[in-house]
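Subject: Structure handover

Hello,

Here is the structure you are taking over. Please look through it first; my notes come after it.

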Amino acid sequence: MTDTATRITPTATTADDTTTAAGIGLLVLRIGFGGLMAAYGTQKLFGWLNGPGWRANADGFTAMGYNPGEVFGTLAGLAELVGGLLLVFGLFTPLAAAIVLGTMINAINALWSGGLFPADPSVMGFSTPLLFALVAAALAFTGPGRFSLDAGRPWQREGVVWGGGAVVLAVVAAVITLIFKAVL
């Protein structure tokens, strides 16, 4: 006698379940990562969340060779704030990812001499901006997911072409910024 009623059978995962799970995963990633980026921007611009504030941030950018520090420090803070908020809402996602990625490329450049994982705890390495750059690049390719302001809109963009375009835009913007840093 077989007891088919008590036999446990795995339930099939439907395409809709997978799409919903991916959408929730991207929502969590976007809110967490975008929120952190926006918070870093508010630290630089307004001194919120124990941040340096605008003046100290501008002085820090001047010390790193970004002259005038007021301009570059403000642009970095605005890029983190705006790019982060756009990612939180899943709005214009490839552009938001490009904004964050370009900023992180400059952060990697600024922290390059510290190494990836410096032995001296007082020296900042570039592992955090590298991680942030990788997340931004991944979001440029995947798009914001199902639960976003981009989803289903005429302006929704995702995939290899848009992700590649976002990466190229970020690299070009970062290189231009680094050229200005070198010549000013």
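Predicted model: local features only at pLDDT ≥ 70, side-chain atom pairs only at ≥ 80, totals over all residues.

Backbone. Most residues other than glycine have a negative phi, and most peptide bonds are trans. The peptide bond from N67 to P68 is cis, its omega being near 0°. P68 sits in the loop that runs between α2 (53–63) and α3 (69–89). L49, a residue other than glycine, has a positive phi, near 55°. This residue belongs to the loop between α1 and α2, and L49 counts as exposed because its relative accessible area of 57% is over 50%. F92 also has a positive phi, near 50°. The loop between α3 and α4 (93–111) holds F92, which is partly exposed at a relative accessible area of 40%.

Buried residue. Q43 is part of helix α1, which covers residues 15–46. With a relative accessible area of 19%, Q43 is under the 20% cut-off and is therefore buried. Apart from neighbours within four places in sequence, Q43 contacts W48, L49, N50, G51, P52 and G53. L49 in that list is the residue with phi near 55°.

Surface patch. V168, V171, V172, V175, I176, I179, F180, V183 and L184 make up a nonpolar patch on the surface. Together they have about 790 Å² of accessible area. One of them, V168, lies in helix α6 (residues 160–183) and is exposed, with a relative accessible area of 52%.

Regards

Methods. Residues numbered from 1 in each chain as written. Heavy atoms only, no water. Helix = DSSP H or I, 4+ residues; strand = E, 2+ residues; numbered from the N terminus. Buried < 20%, exposed > 50% of the residue type's maximum accessible area, 1.4 Å probe, protein only. Contact = heavy atoms within 4.5 Å. Patch = residues over 30% accessible without salt bridge, like charges linked within 9 Å, V, L, I, M, F, W, Y side chains within 5 Å. Areas by Shrake-Rupley, 256 points an atom, 1.4 Å probe, with all protein chains shown as cover. Salt bridge = Lys/Arg side-chain N within 4 Å of Asp/Glu carboxyl O.
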